[in-house]
Amino acid sequence: MGELAPDNWHLVAGGWWPTASPTALSLTSGPLYTQDSMIDSALIPPGLEAEALGALASAADEAAIEAWRVQWLGRQDGRLTALLRSVKEQPVESRAAFGAAANELKRKLESALADRNEAIRKEALRELSTSAALDVTLPGRPQAIGRLHPVTQTMRDIVKAFEEMGFRVAEGPEVEWDRYNFDAARIPEDHPARDMWDTIWVNTLIDGKRSMLLRTHTTPNQIRVMERTPEPPIRVIVPGKCYRQEATDATHEWMLTQIEALAVGEGVRMSDLKGVLYGMARKLFGNDRKIIFHHSYFPFVEPGVEMAMDCFICRGSGSDCRTCHGTGWIEILGAGMVHPEIIDKAGYDSSKHTGFALGIGVERVALLRWGIEDIRHFYQNDLRFLAQF
Amino acid sequence: MKLSLNWLRDYVDVDLPVPELARLLIDATAEVESWETIGAGWDPERIRVAEVVAIAPHPDADRLRLATVETGAGRQQVVCGAPNLEVGQKVAFATEGAELIDGHTGKPSKLKLRPIRGVESAGMVLSEKELGLSDAHEGILVLPATAKVGRPLVEELGDVVFDISTWANRADLLGVLGFGRELSAITGAALREPARDHRESETKAADMVSVTIEDPDLCLRFTASVIEDVTVGPSPAWMQERLLRLGMRPINNVVDITNYVMLETGQPLHAFDYDQVRDKRIVARRAKPGERLTTLDGIDRELDPEMLVICDGGGPVGIGGIMGGGKSEVSEKTKTVLLEVANFKRGSIRRSSGILKLRTEASLRFEKGIGPAMAEYAQHRALHLFEQLSGGRVTKGLVDIYPGETPRGTILVTAARIEQVLGIAIPANDVRRILTGLGYGVQDVPPATFSVQPPGWRPDLEIPDDVIEDLGRIYGYDKLPTTMLEGRLPDPEPNPLRDLRERVRDLAVGLGFQEIITYTLTELPKLARAVDPSDALRLAPLGVVNPVASQYAYLRTSMRPALLETYAANRRHQDGPLRLFEIGFEYLPVEADLPHERTVLCALIGGTREARWSGTAGERLDFFDAKGAVEAVFDALGVREAYSATSHFGLLEGHTADVVAGKEHVGVVAQVHPDLAASFEIDEPVFLVELWLEEMVRVLPERPEYAAPSRFPEVRQDIALLLDAATPAARVLEVVRSHRSGGVRLSGDIFDEYRGEGIPEGQKSLAVRLRYQAEDRTLTDADVAKVQAGLLKRLGNEAGATLRGG
Ligand SMILES: [Zn+2]
């Protein structure tokens, strides 16, 4: 038991209640000690009522009250029970009166007992609220609470936003063939676009070639999804870890988490890409968000764009805003219309089927939404950091 | 890429404020990272252009001179110590109060005039350092002769230099002219192309040099021209200034012209000293095995047979598109220049420069793909400048070997495709305006089709959608409507493992565990500490060739090291309970295939329980806390699991349990062996849970087993059993839970284990809470007694247990 609960308290469902203690009692309810003219003192031994009520008044705790109850009202040997039994011994003519008087006395004692109990309960309650009142500003008893990693939380929020727009999740391997990571994404060897993805290569030679790598983006899984989907439509998001051969600093990590989305089908337009991104931005950063597209280049899309969102911190008004660097806009992600060559290679007809693709850095979104200054916090797993989200 | 606004203005009028200009370029063309304003601090009143009109010696000091300058508002006399001061020079002239950089301290200061060695000075002729342009303080800054006397220097020399990231497919944007073309298309302002006219002498270039391309797959075009009677010397101030501003060092007029034209057009050029070219013969061919060349940077390099070399009659003189050789370099003595402007296959240039580990201004441009048409363009531009700036005579004609010539491609773009891709119809007039502005040839092919010829400097344009991108970005993506995807939804693809993983993640968090995410790459010694030495698979992890650091060289085959490390790291600054978990992959090698990425939950707990108000302050979390968490997970999943004592490497024997569900071994719960914990610098009991989600998913019920709650009361009964100390409690529970009798279901939990006083040696007492429940009636004492009797009999037979005190 803790230090606020005195030893003589016991746990009753719902809270701490005191048992009666002599020092804690004072009798405050109405007079228990009365002469009632209804009782015929000629029939009932005089002073019996006064004796009973007097004894009850001096019974100071639960045990004494219980003993009093047994002594007076006990079914077996209670004095009043005996008195009632003795009605048979009374002369016939006074039996009825004697019975009525004894019953009246029993009712009186029962009522006095109930009052006495109620008085004690009230007193105990009063005490709970006064001398036993808690310092409610003391801290609560610590409970174990776990939290999701902020990257998981952000990932889930993004996934949820896309799922609500009809996208489903498909996952693929982190260790990939270079063919899926690069060639199938129109990034051939000797193409300068490869500079955009510094690669960590796996040390296995298969047929004399080093062809396994840690995927640099989740794009290879878009290719896999198309490969196993004989016919559009496709609406899929491909989340997961990616890796870059990169020096780390406050904005760069070599292990990162990406979510890419892919929609392919008849009538998929760039304006739909805008609509989907608009929906996502509003779900993640608030309903009043605006988005814009800039021209960009990724080998697997044509046209390629970068999406920026108006700054949700300064709303475009802060020249010294740390989040948007005073530009009013925050670059969020790259996107574009899937290159027709990729559509055709998947076995679809690029003159009929169009598609869009986009890729979001989950850590970047997490950095932005919580104003975290250094991406390296995420994978250092310091609980002083993680416990804040 | 650096872009000078003044230089850009040679080609197109730009009157926009700088941030707006940057915004236009970002939206439509390339990523403007930042910009620097040159001359932002130059007071237009106090710092102006002046001309030196007379120089006289200082009466009192040998190293000082008295210069008379024309300021545009009268002549002034100044004292000047610069050795390079000459009559006729245009100079930057500051008057009293001008904000300058102090030439000696390097700090900003206000100009205060005072007599120097007794002679009054009306102002100061400034050095580059004093203007904050560079650290040069030896002499004064000499302005171009065209500078206008009296004009504020900021108007004459001020500039904005943008730092821009361009795209990997746009070599044309590695030239200032490329941005001129873009801005002309964006703003509609007319484009002024650089002058390319020049005279030609009677001598034919083709008579002076021959060019052969032996490997046309690597060299698509080679043009050569010859300029005679060149006077090598410094290039003019304006050219030097522009080169410097874009980060190149001026060398001499010949080299500077080649660099200038490259920065202007994006097309690299190379100048040879014609007299050093052996046999007056140029051959472009693959390098021969073992061939070597000392490049301009003085490094002797071994050439690879897949590299294209430029040779003269005597052998290699340059690596095509990457760097020239030292032998034929232009020097002060050069009289005749052979100018090479060629086009090379981009992939080959990139591969070669990768092998040589040599990235140059030229290779960076060639690898992005330059239109072969630009070779001729750059030749004439350079020849124009040679005529103007070197005094040379341009010989007649170009030697132009062009095996890679292809007819100018035509792309058909339909209005329907534009709308299909962008989701908006672009009016035909806008299509013609935008494409013409970007340099396309455009013809209407009714109905609603455009036949377009991409400009020669844009080899990135191959298919209709490439053209549509040009239309979209110049027309403005802001004009796209915001629409929602339409049409049929694709079929779902169930992924029970992912669903389970996310449920388990939520359960772990609900049970008080903090999720962590650790690096998936590790190092061998760490793995070796945690992995069973007989586990050959896990001890032969996949390595990576180029790890970011040596401690991240192998793909982890166990998550335990990372969890233990994280536990230890957090223990250093945190008392009390630690409950950590991660759900991730073990990367298990598979012969000649991608590794098996095995989904595992790994969790650790340890430390003292949450204390403060509880009566259990200081009590340690233990095995049963870990196991309780596992039980809660399986309970929530509706899986009935069982535990059995076992031993595993790295886990403390007697404190280790396998977790089995159905036929699957689904995980382990254990105290980490203190030796293993200590090797990760953990000196307290720490408990491990590993759940193998791929195995778990196989025993996962599709839905919970449901039974309606009984309308009849259940009877509870606590009994104490006496049994052999070695008999696992699980055996008692198995008997209780499997017992059925006369439609009465029985369930039971063990709520205490006791050994010691009152219990015979070698035995233990288990306190079991039994619950009896019938589906169809309220149980009587007789019912319960009957079931209990049967149960006790079985417990005796199957677990050797007797009722204590019974
Ligand atoms: Zn802002």
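**Helix packing, interface and backbone**

Tutor: In chain B, the axes of helix α12(B) (residues 428–437) and helix α13(B) (residues 464–475) come within 10 Å and cross at roughly 100°. Keep in mind that this is a predicted model.

Student: How are α12(B) and α13(B) oriented to each other, then?
Tutor: Angles from 65 to 115 degrees count as roughly perpendicular, so α12(B) and α13(B) are roughly perpendicular to each other.

Student: Which residues make the contact?
Tutor: From α12(B) there are Asp430(B), Val431(B), Ile434(B) and Leu435(B), and from α13(B) there are Val467(B), Asp470(B), Leu471(B), Ile474(B) and Tyr475(B). By class, the contact of α12(B) with α13(B) has seven nonpolar and two charged residues, with no polar ones.

Student: What about α2(B) and α4(B), at what angle do they cross?
Tutor: Helix α2(B) (residues 18–28) and helix α4(B) (residues 176–187) cross at roughly 95°, and their axes come within 11 Å. That makes α2(B) roughly perpendicular to α4(B).

Student: And which residues meet there?
Tutor: Leu21(B), Leu24(B), Leu25(B) and Ala28(B) in α2(B) meet Phe179(B), Glu182(B), Leu183(B), Ile186(B) and Thr187(B) in α4(B). Sorted by class, this contact of α2(B) with α4(B) holds seven nonpolar residues, one polar and one charged.

Student: Let's switch to the two chains. How much area do chain B and chain A bury between them?
Tutor: About 8000 Å², with 57% of it on carbon and sulfur atoms. The contact takes 89 residues from chain B and 100 residues from chain A.

Student: How many salt bridges are there across that interface?
Tutor: The rule finds eight salt bridges across the interface of chain B and chain A. An example to look up is Glu171(A) with Arg498(B), where the closest N and O atoms are 3.4 Å apart.

Student: Which element gives the largest share of the chain B side?
Tutor: That is helix α14(B) (residues 496–510), which contributes six residues to the side of chain B that touches chain A. The residues of that side divide into 37 nonpolar, 20 polar and 32 charged.

Student: And how many salt bridges does the structure hold over all chains?
Tutor: Over all chains, the structure holds 96 salt bridges.

Student: New topic, the backbone. Where is there a cis peptide bond?
Tutor: One is the bond from Glu302(A) to Pro303(A), with omega near -5°. Pro303(A) has its place in strand β11(A) (residues 301–310). In chain B, a cis peptide bond joins Pro446(B) and Pro447(B), and omega is about -5°. Pro447(B) is found in the loop between β25 (441–445) and β26 (449–453) of chain B.

Student: Which residue has a positive phi although it is not a glycine?
Tutor: Look at Asp279(B), where phi is about 65°. Asp279(B) is found in the loop between β14 (270–273) and β15 (281–286) of chain B.

Student: Why point these out?
Tutor: Because most residues other than glycine have a negative phi, and most peptide bonds are trans.

Conventions
Residues numbered from 1 in each chain as written. Chains lettered and ligands numbered in written order. Predicted model: local features only at pLDDT ≥ 70, side-chain atom pairs only at ≥ 80, totals over all residues. Heavy atoms only, no water. Axes fitted to C-alpha atoms, helices over the stretch in contact; angles between N-to-C directions. Helix = DSSP H or I, 4+ residues; strand = E, 2+ residues; numbered from the N terminus. Parallel < 35°, antiparallel > 145°, perpendicular 65-115°, else oblique. Contact = heavy atoms within 4.5 Å. Nonpolar A, V, L, I, M, F, W, Y, C, P; charged D, E, K, R; others polar. Buried area = accessible area lost by both parts, 1.4 Å probe. Salt bridge = Lys/Arg side-chain N within 4 Å of Asp/Glu carboxyl O.
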